[in-house]
Amino acid sequence: HQKKTIPPSCKKGITTPKDLRDNASASRAKLVTLFEALYNNPRELASDAKMKELTDCTTNYLKWIVKLVADGYRFELFCYWSESICPKTNHAFNDLYYDAANVLWNLACVELNHANHILTFGVTTLNLEAKEKEAYATLCQTAGRYKLAGELVSKVSVDATDGSQNNTLLADCTVDFFEMMEKPALAQAQEIGASKAARKDDTTERSAKHALVA
């Protein structure tokens, strides 16, 4: 499931330059709008154009986060993300790494569902190879998102909470959890490879097929 978010709450005494803060906030708002659209209309998961728009928007927002960190700033806003599997709590961190990790979680969720759509709808004997190749690439990319999200969340400072008296990361936003999610994404990609190999039955490729499937 995607995580849902609300506009970040302000921290007193913000020192980040207004233009930098405004550009990052506008980029984040656009990204959240796209996540919401896909959440409310799952049919759009089948749209390559919509997926590209989401990926481009995510990349743009992450560039602003990188710039903030590189310039020595914090977002100075408390970023809230709902839980995906945990009991619901109001929990926010004033931490750019936390925001980036959850953005990547959502993108990975969308990509997992996009891969499912690729292989479930519109597949024929004529386009199966191409669809499998597309889904394989998507799943490998998804695994990479989870891996990067885990690396980012390992840098989160759990001291900067919103006053909820809960200064620990939620169970679905930890290094271990992201590593766990990386594995099924890779496994699904490998299943595509094994399935493809198992279908090859001509004499010239049979020995290679058996080795690959094994």
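Let's start with T138, which counts as buried because its relative accessibility is 9%. Buried here means under 20% relative accessible area, with exposed over 50% and partly exposed in between, using a 1.4 Å probe on protein chains only. T138 is found in helix α4, residues 128-153. Helices are DSSP runs of H or I with at least four residues, strands are runs of E with at least two, and both are numbered from the N terminus.

Contact means heavy atoms within 4.5 Å.

A word on what you are looking at: this is a predicted model, where local features need pLDDT of at least 70 and side-chain atom pairs count only at pLDDT 80 or more, while totals for chains, interfaces and linings use all residues. Residues are numbered from 1 along each chain as its sequence is written, and side-chain values use heavy atoms, with hydrogens and water left out.

Now the whole protein. The secondary structure comes to 6 helices and 3 strands, and from the N terminus on the elements run β-α-α-β-β-α-α-α-α. Of the 214 residues, 41% are buried. Among contacts between residues at least 6 apart in sequence, 72% join residues at least 24 apart.

On to helix α1, residues 18-40. It has 23 residues and reaches 32 Å from its first C-alpha to its last, close to the 33 Å expected at 1.5 Å a residue. That expected span is 1.5 Å times one less than the number of residues. The buried residues of α1 are L20, R21, A24, S27, R28, L31, V32, L34, F35 and L38. An α-helix has 3.6 residues a turn, so residues three or four places apart point the same way. Which elements do the buried residues of α1 pack against? They pack against β1 (5-10), α2 (48-70), β2 (77-81) and α3 (96-120).

A26 is also in helix α1, but A26 counts as partly exposed because its relative accessibility is 47%. Its C-alpha is separated by 8.9 Å from that of Y61, 35 residues apart along the chain.

Y61 is one of the buried residues of α2, along with K50, M51, L54, C57, T58, L62, I65 and L68. What covers the buried residues of α2 includes α1 and α3. Just after α2, G72 takes a positive phi of about 85°.

Over in strand β2 we have Y80. Y80 counts as buried because its relative accessibility is 12%.

On a 1 Å grid over the protein atoms alone, a cavity is a set of points where a 1.4 Å probe fits but cannot get out, and a pocket is an open set with protein on both sides within 12 Å along at least five of seven lines; lining residues have an atom within 4 Å of a point. Grid points are joined across faces, edges and corners, and a volume is the space filled by probe spheres set on the points.

The largest pocket has a volume of about 190 Å³. Its lining is H1, Q2, L38, Y39, P42, L45, C109, V110, L112 and N113. Which element gives the most to that lining? It is α3, with 4 residues. The lining divides into 7 nonpolar, 3 polar and no charged. Here Ala, Val, Leu, Ile, Met, Phe, Trp, Tyr, Cys and Pro count as nonpolar, Asp, Glu, Lys and Arg as charged, and the others, Gly among them, as polar.

There is 1 cavity of 30 Å³ or more, and the largest cavity holds about 40 Å³ of space. Q2, K3, K4, T5, V32, F35, E36, Y39, W81 and N106 line the largest cavity, and α1 gives the largest share, 4 residues.

Finally, Q2 lies in the segment before β1 and counts as buried because its relative accessibility is 13%. Leaving aside neighbours within four places in sequence, Q2 is in contact with F35, L38, Y39, W105, N106, C109 and V110.
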